[in-house]
Amino acid sequence: MDDSTRFSASPQSAPAAQAAAGPVNVLIVGVGGQGVIMVSKVLATLCQRQGYEVKQSEVHGMAKRGGSVFSHVRFGDTVYSPTIPLGEADVLVALEWAEGLRWLSYLKPDSGIFIVDTQQIVPPFACRDRKHGAGSGYARETVADIIEQVANCYAVNAGQIAQELGNAKAGNTLLLGMMSTTLDFPADDWRDAIRMFAPPKAVDINMQAFDRGRDWVETHNPADFDPGRDLDMPPPIEQVEHEPEFELPTINRAWCKRCDICVKFCPERCLSLDEQQIAVLHAPEKCTLCRICERLCPDFAIDLKPRQQA
Amino acid sequence: MTAQITPQPLDHNSGNGESFNDANQSETLPLMGNEAIARGAWEAGVKVAAAYPGTPSTEIMESLGKFPADDVKAEWATNEKVGLDVAIGASFAGSRAMTSMKHVGLNVAADALMSQTYIGVNGGLVLVVCDDPGIHSSQNEQDTRIYGHLAMVPVLEPSDAQEALDFTKLAFDISERFDTPVIVRGTTRLSHTRSLVRVGERHENASLGFNENPQKNVMIPGHARLRHSALFEREQQLKQYLEDSDLIRWEHGSQSIGIVTMSTAYSYVKELMPQAHVLKLGASYPLPENRLREFCDAVDRVIVVEELEPIVENEMKLMGFEVEGKSLFPREGEFSPDVIREGLEKAGLLETSKPRPPASVQAMPRPPLLCAGCPHTGAYMALRALNARVSGDIGCYTLAAVEPLKAIDTTVSMGSSIANATGMALAGSETRPIVATIGDSTFLHAGIPPLINAVYNNVNITVVLLDNHITAMTGGQDHPGTGRNLRGEEVHKTDYEALIRSIGITWIKKIDAYNMGNVFQFLREATLYNGVSVVIMDRPCVLDPVKIKGEPFRVDAEACTGCQTCMNLGCPALSWSDELFEGHRKVKIDEPNCIGCSLCAQVSATNCIKPVAAFESNG
C-alpha cells in the first residue's frame, strides 16, 4: 500500500466539497478500563497538531467502575459544542461489541463509519437470570445483523489479532489504524501521535498493530464481507429448554439440628430459621432447585425428590 | 475500500478566529477544564489552596499540586468546610487563596461561606464549585448559582477551558477589588472537556499581611449587622462593574431573536443558532440591568438558555423583561445539543428535525460495578446474609445497594450513615440488626462527630469502617488515613483504632476483608453486642494507589453445580460458561480480569474454584 497516493499529505488539499462541512465528529466508546480515553487522546493530539480546534469530552467518576464509557472528539475550524448530537457522528469507534451497539444511534445514518472490536465483555448483570436453561442478557445482534444498518461497518476481533502480534492491549492501536483510513491525515503523523502514548516497550507492537488495522480496511470490501469467514465471534449464550428435574426441598424437622448452614449458603436466600430455630423454606418461589442445601446439610435433613415425569 | 472524511481546514489568516492567531505570542496547551482552572489560579498567584476530592472537581487540586510547592501550598482537606476555612485563613493572612469542591461540597462549606461573605476578603478568595447536571456521579443535581444569590457573592460561569483559565484569574481580581469571595461555577462538561488553552505566566503577589479590623473580621451580632448593610452596597458596585465588563458579551446576529445564555449551554446555542443575537453572560450573579435592557430592546423575542434552575430567567422577569426559558428547556438533566435543539424546535426557531428510524438494537444495561477483588464486596455479602438493616454512605460501596449484593437500605450524604443508624435505633421499631457502613475517607470527612454522638447517646448499632486506604471513588486520592499528603510526602497517619477507642468504644475489631470466615463471624458478633461496636475492614483498594494483580482463580467445570453463589458477589471477572448442570449455568472466570482475591472460592459451597496453579500441578 502506498500511503502517499491514497492519503493526501495535508488537509488543505482535501476536496472542497467535503471541507465545506462543519466539525468532524468521532465518538469513542467502550467499557471502563479498556483505554477509551487513551484512544481519544491520540486522536485529539493528532488533530491539534494538524492545526484544528479540538474538543474532547468525557465523563469521569462512577462510570469508570466497569460501566459504559464514552469520549467525544470534535475537530474542525471552529468547534462550539463539546458533545456530538444524535445521528451526527462521522465515525463511531467501539472497543467492545455491545458498547458499539449502544451508541449506534449517534452515527450518521447515511455516511457514518462504524469501527468495532467484536470482543465481548459480558457483565455480571447479563448473567442474572436464575431460571433453568437461562440465556445470558448479552446483546443478541451479530455483525451480519448490524452491517446492513450502517453505512460502513469495519468489524474485527482486534484484541485477538493483537494477541497474535504479541500483546492483546495493542488492539486499540489496531482500531486507530482502521480509523486512520477514514480521516484525511498522513499515516506518519498518526504513528507519531501513537508513539507519544504507547508504553516505550510496546512501541514496535503498536506500530505493527496500526499497520494491520490499515491493511484490514484496504483488503476488506464491506460488500463481500462474510462474518462467518472473517470473524471468530462467539455466539451469545442462548436460552435452552430445560425442565426442572426435582421437586422443591422438603425439610425433616426431626433431623434438623439448627446449625444454620443451609440458610447461610442458600444462593437465593430462600431458607431461614423459624421461631424454634429449625430451617424452613420461607420463599419457595425464589428456589431454583440448585440442591446446595441438600448437599451441605450435615444431617441429611433436606431432600429434593426427583420430579415425576408427566 | 475506504470512506474518508475531511474537516474544513483552518484558515490561519482569517482575522476573527480566536484560537490560533496569537499562537506565536503565547504558549497553548491542551487542557481539561479542571486543569485550566488550576492553571488560572496558579497564574493569578494563588498561595494556598485546599479541597476535598469530589467528582467532577477532583482534578483541580490534583493539577495545582503539580505546580512548585514554593508557589502554592496545595493540599487535601478532610472536608469541604475545612478546605474553605483553610482558604479563608490564608485570605485573612493576606494571601490569595482558593478552594474547590463539587456542588454538594458547598452544602458542607456553606456555613463558612455565609459568614465570610459578610467579612469579605483580605487576599483574594475564590471558590470553584463544579455542578453535576445529569447526576453522572453524585447524589443530587442542585444548582450552585442559588448559593450566589443566598450569599450575595458573584458567580462566574466559564463556557470552555480557555474561559475556565481566564475567569479563574479574573475571579481573584474581582474578589480583592470588591472585597468579596467569588464563586467560579463549573459543570461536569466544563471540567472534563479538553481543548487548547493559551496560557500565561504567574504573577507573584506580595502578602498583604494580616489586616487587624475586628469590626470586619469578627462576626458578632453588632458587627454582622453593619456588614450585612455593606453587602447591598457591594452588590450595587458589582452590578456597575458588570455593566462595563467584557464578562457580558453581545454577539450580534442577523435574526431578531435574542438568546441569553452562559456556561456550556452557550456552546450549544452557538452551534445551533449561529444567526441569533447572543448575550453571553460570563457572570450569572449579579446581573447588569442596563446591558440586559439594551439587548432585550434590540430584538423581538428573548430566550434564556440556562442549565438546571431558571435563575437568570426569574431575575430578568423580576426586572420586568419579557423572556422565555424553562417553558422550552428542562429544569433537570444535562444539556446536550439534542436537548437544546428540541427546545428551539418547540420555540419554532428551528425546523423540526426529521424523525430518525428507530434503532433496531436494544442496548444491554451495563451499570457500574465494584471492581474484581474489591475489598468492599465481602462485607456486603455478609451483611446481606445477616439480614441487617444497613445505612450506607457516599463512596464506591454505594454500588452494593443494587443486585446482586443489594445490602444497603439508605444513602443520604457524606457521613450520614452513622447518625442515620442512630436514629433508626432510637426509633425502636427495627427488629433487624442496625449497621452503618462508611468508607475511610468519608469517615474522616464527616463520620467522626456522629460516632461520638452514637456513643454519647448510647445506641445499639454496629459501624463498619470500610478501610481501603484511599479515597477510591474519585480516582485514588490520599487522605490523613493513608499517611501521605497531596504531594505524596509522608505525613502522620491517622490511627483509626486509637481514635475510635478514645471516643469510648470498647468493642472494636480490625479484620482482613478477604477473610470471609472472619467477616461473617465478627460482623455477627458485633451486631450481637449491646452498644456501639466497630468493625474495621482492612484491605487496600485494588486500583489505587497501586493496581493489584494476584494469581487468578479458575472454576473446575467438573465440580461446578451452577449454584450461582459466587455470582452473588457481582464480580466482573465472573460470567457464565455455555455448560449446564441440571439446567443451571456453570460459571467461568475471566483470568486476565481476576486479581486472585479468593472471595468466590471462599463462598463456593462445592469447592470448585481454585487457584490456576492448583489445576496445573494436577496436570
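**Stop 1: where the chains pair up**

Select Ser57(A) and Thr193(B): in strand 8 of chain B, Thr193(B) is the bridge partner of Ser57(A). Before going on, know that this is a predicted model, where local features need pLDDT of at least 70, side-chain atom pairs count only at pLDDT 80 or more, and totals for chains, interfaces and linings use all residues. Residues are numbered from 1 along each chain as its sequence is written, while chains are lettered from A and ligands numbered from 1 in the order in which they are written.

Now widen the selection to strand 2 of chain A and strand 8 of chain B, which pair in the antiparallel sense over two bridges. (Strands, E of at least two residues, and helices, H or I of at least four, are DSSP runs numbered from the N terminus; two strands pair if DSSP finds at least two bridges between them.)

**Stop 2**

Color the open sheet of eight strands, in the order 6(A)-5(A)-4(A)-1(A)-3(A)-2(A)-8(B)-1(B), with mixed pairing. Which strands sit at the edges? They are strand 6 of chain A and strand 1 (28-32) of chain B, each pairing on one side only. Neighbouring strands are turned by 20 degrees against each other on average, direction ignored. (Axes are lines fitted to C-alpha atoms, for helices over the stretch in contact, and angles run from 0 to 180 degrees between N-to-C directions.)

One pair to click is Val91(A) with Ile113(A).

**Stop 2: a helix across the sheet**

Next, select helix 3 (residues 36-49) of chain A. It lies across strands 1, 2, 3 and 4 of chain A together with strands 1 and 8 of chain B, running at about 5 degrees to strand 3 of chain A. Eleven of its 14 residues are buried, so helix 3 of chain A is largely enclosed by the rest of the structure. (Buried means 20 or more other C-beta atoms within 10 Å of the residue's own, exposed 12 or fewer, partly exposed in between, with C-beta atoms placed from the backbone.) Among the buried ones are Val39(A), Leu43(A) and Cys47(A). Just past the helix, Gly51(A) takes a positive phi of about 95 degrees.

**Stop 4**

**Stop 3: two helices in chain B**

Select helix 3 (residues 80-92) and helix 4 (residues 103-119) of chain B, which pack at an angle of about 35 degrees with their axes 7 Å apart. The contact includes Leu84(B) and Ile88(B) of helix 3 of chain B and Leu106(B) and Leu113(B) of helix 4 of chain B.

**Stop 4: the end of a helix**

Last, find Tyr456(B) in helix 16 (residues 440-456) of chain B. Is Tyr456(B) buried or exposed? Tyr456(B) counts as exposed, because it has 12 C-beta neighbours inside 10 Å.

Definitions and conventions. Contact = placed C-beta atoms within 7 Å.
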